[in-house]
Amino acid sequence: MLQSYLQDAWVSPAPKANSALDVRDAVTGDLVCRVSSEGLDMEEAFDYARRVGSRTLRDLTFHQRADILEAVAVAVRERRTELYALSARAGATLTDARYDIDGGIGVVRHYAGRARSELPNDTFLLEGPAERLARGEDFLGIHINTPSRGLVLQVNAFNFPVWAPLEKLAQAILSGMPSVIKPATPTAYLTEHLVRIVAEAGVLPPGALQMIAGSVSPGLHLLREQDVLSFTGSAVTAGVLRTQPTVVAKSVRFNAEADSVNAIVLAPDVQPDSELFAAFIREVANEMTLKAGQKCTAIRRILVPHEFETTVLDAVSARLSTVTIGNPASDGVQMGAVVSLEQRDEVRRAARRIAEAGRFVHGDPIKVEVIDADPQRGAFLDTILISADPDAAAPHEVEAFGPVASVLPYRDTAHAIDLLARGQGSLVASIVSDDRSWTTTFLQEAAPWHGRLHLLDSSNMAQTTGHGSPLPALKHGGPGRAGGGSEMAGIRGVIDLMQRTALQASPDLLAALQSDSATNSAVSGGDAP
C-alpha cells in the first residue's frame with residue numbers, strides 16, 4: 001500500500017482499506033501499488049502545515065526561501081534516474097520523463113534565481129512608489145504583500161507527477177506557504193518517490209511539505225480562509241471543487257488549470273514547399289506524440305486553409321507513420337503507452353465521437369503494432385489523425401487526451417477566428433505565419449481566448465521552445481474552459497499566493513519599512529543571484 005507523508009513522517013492507510021485502488025504498470029499491466037487515504041488524519045496534517053510549516057516559512061526571507069529551493073533542485077537532480085525508471089512504468093519514454101522531471105527541476109531553479117534577483121532579502125514585499133492621498137505630503141498609500149497564514153493544497157493531474165508538484169511547490173515556498181500534495185492516483189507512486197527524495201535530503205523546514213496518497217475529499221471541508229486550493233485536471237472536477245461548500249463559504253482561493261482543446265493555426269501565406277510549413281508539420285507531430293499526447297497543452301485542433309487540407313493531412317500522416325510505439329524501455333521506441341487501460345479506453349471513445357463529424361485519416365483506434373510489449377495488456381494507442389467538419393461541435397468540445405488531433409479546414413480569416421474561439425478558452429494556441437500584418441490582426445482576436453500565444457515564423461522556428469512547453473517566466477493557465485487560473489508568470493506567480501494589503505500611513509513609517517527592507521538586502525549581498 002502506498003504511504004503518505006504527513007507531519008514529517010511516513011504513514012500507511014488503514015490495513016484493510018475498502019477504498020484502496022489498484023495502480024497498474026501502463027506497459028505490462030502488472031500491479032505497481034494500491035492507493036488509499038482511508039484512516040489518515042487529514043485534520044491533524046492540515047493543522048500541522050498551518051501551525052508549524054507556515055510559521056517556519058514566514059519567518060524566512062525571500063532569499064532564504066530561494067536557498068531552500070536550490071537545495072530541493074539539487075536533491076532531485078542527484079536522484080533523477082530513479083524517477084526516470086519509475087516513469088517507464090507509467091508508459092513514458094526517456095524523452096517524456098526528462099520533460100517531466102528535468103523540466104520540474106528547471107522550474108525550481110528558475111524561481112530560486114529569480115527570487116534572489118527580483119525580491120528583497122525580507123519577509124514581505126512593498127509595491128511602490130507611494131501615492132499621495134491628501135492635499136499635504138503627510139498621508140501616503142502603498143501596497144504590501146505578506147505571506148498568507150494558510151496552506152496550499154495541490155490536487156494534481158496524472159500526466160506530470162513530478163513537474164506539477166515541483167512547479168507549485170516553488171511558488172508556494174517563496175510565498176511563505178506550506179504545501180500538501182494530493183497526486184493523481186494513476187501516477188501517485190512517482191510523486192511519492194519525489195517526496196521521499198526531498199524528505200530524505202532534509203532540505204525543507206518542518207511542515208513545509210506533506211503528501212496524501214488517495215482521495216482528499218474527506219479533507220476539503222477542513223480548508224480555511226487563508227488556504228489556497230490549486231487544481232489541475234478536468235473541467236468537470238474543477239467545477240465540483242470550485243463550488244464545494246467550504247470553498248464558497250470561506251472564500252478559499254481557488255486556482256484551476258483544466259481541459260483545453262488547444263489549436264495550431266496555419267496562415268494562408270505559408271506555402272507547402274517552405275521550411276516554415278515543414279516546421280509546422282514537425283510541431284504537430286511532436287505535440288501528438290510527446291508523452292503520448294497526454295499534455296494539457298498538446299495540440300488537439302489543426303486549423304488550415306481549406307486549399308491546403310489534403311496536403312496537411314498527407315504530410316502529418318507521413319510523419320506519424322514513422323513513429324515507433326511500444327515498451328519505452330526498448331531501444332528505438334519513440335512513443336510509449338498512455339497511463340492506464342482506463343485512459344486508453346477513454347481516448348478511444350473521445351476519438352470516435354470526434355470522427356463522427358468526419359473520418360479517420362491515419363491510425364487505427366483499436367489496433368496498434370508495438371515493440372517488446374503485449375498490446376492487449378499494455379495501454380497502447382496508435383497515433384490518430386482525423387479529418388473533421390470544422391463547423392461540427394465535437395472537434396471543439398471533445399478532448400481526446402492522447403495521441404489524437406483533428407484537421408479542420410477554414411474558408412477565410414474570419415472563419416478561422418471563429419473556429420478558434422469555439423474551444424471556449426484554451427491554455428495555448430500557435431499561429432504559424434510570416435505575414436506580420438495577418439498575425440497582428442489574428443492575435444488580437446485570439447488573445448482573449450488564450451493564456452498563451454505561440455507565434456511561429458521563419459525567424460524564430462529554429463529556436464522555439466515549442467507549442468506545448470509552459471515556461472516559468474510566462475503565465476500558465478487560460479480563460480473559460482481552461483479553468484480561468486494562472487500559475488508561474490515569473491514572480492507574479494509568487495505574489496498571487498500572498499496577501500496584498502493597502503497601507504495608509506505617514507511618510508516616516510513607510511520610509512522606515514522601505515529602509516529596513518533595503519538594509520536586509522544589503523546585508524545579504526544585495527541583488528546578486
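Is K291 buried or exposed? In this predicted model, K291 is buried, with a relative accessible area of 9%, where buried means under 20% relative accessible area, exposed over 50% and partly exposed in between (1.4 Å probe, protein chains only). Residues are numbered from 1 along each chain as its sequence is written, and because the model is predicted, local features need pLDDT of at least 70 and side-chain atom pairs count only at pLDDT 80 or more, while totals for chains, interfaces and linings use all residues. Side-chain values rest on heavy atoms, with hydrogens and water left out.

Backbone geometry comes next. Most residues other than glycine have a negative phi, and most peptide bonds are trans. K291, however, has a positive phi, near 55 degrees, and sits in the loop between α9 (275–289) and β13 (299–305); helices (H or I, at least four residues) and strands (E, at least two) are DSSP runs numbered from the N terminus. D8, also not a glycine, has a positive phi of about 60 degrees. D8 belongs to the loop between β1 (4–6) and β2 (9–11) and, at 31% relative accessibility, counts as partly exposed. The peptide bond from G128 to P129 is cis, its omega being near 0 degrees, and P129 is part of strand β5 (residues 125–132).

Setting aside neighbours within four places in sequence, L204 is in contact (heavy atoms within 4.5 Å) with I68, V72, I173, V198 and L209.

The axes of α3 and α4 are 9 Å apart and meet at an angle of about 130 degrees, with axes taken as lines fitted to C-alpha atoms, for helices over the stretch in contact, and angles running from 0 to 180 degrees between N-to-C directions. That makes α3 oblique to α4, since angles under 35 degrees count as roughly parallel, over 145 as roughly antiparallel, 65 to 115 as roughly perpendicular and the rest as oblique. Here R80, L83, Y84 and S87 in α3 meet L94, A97, R98, I101 and D102 in α4.
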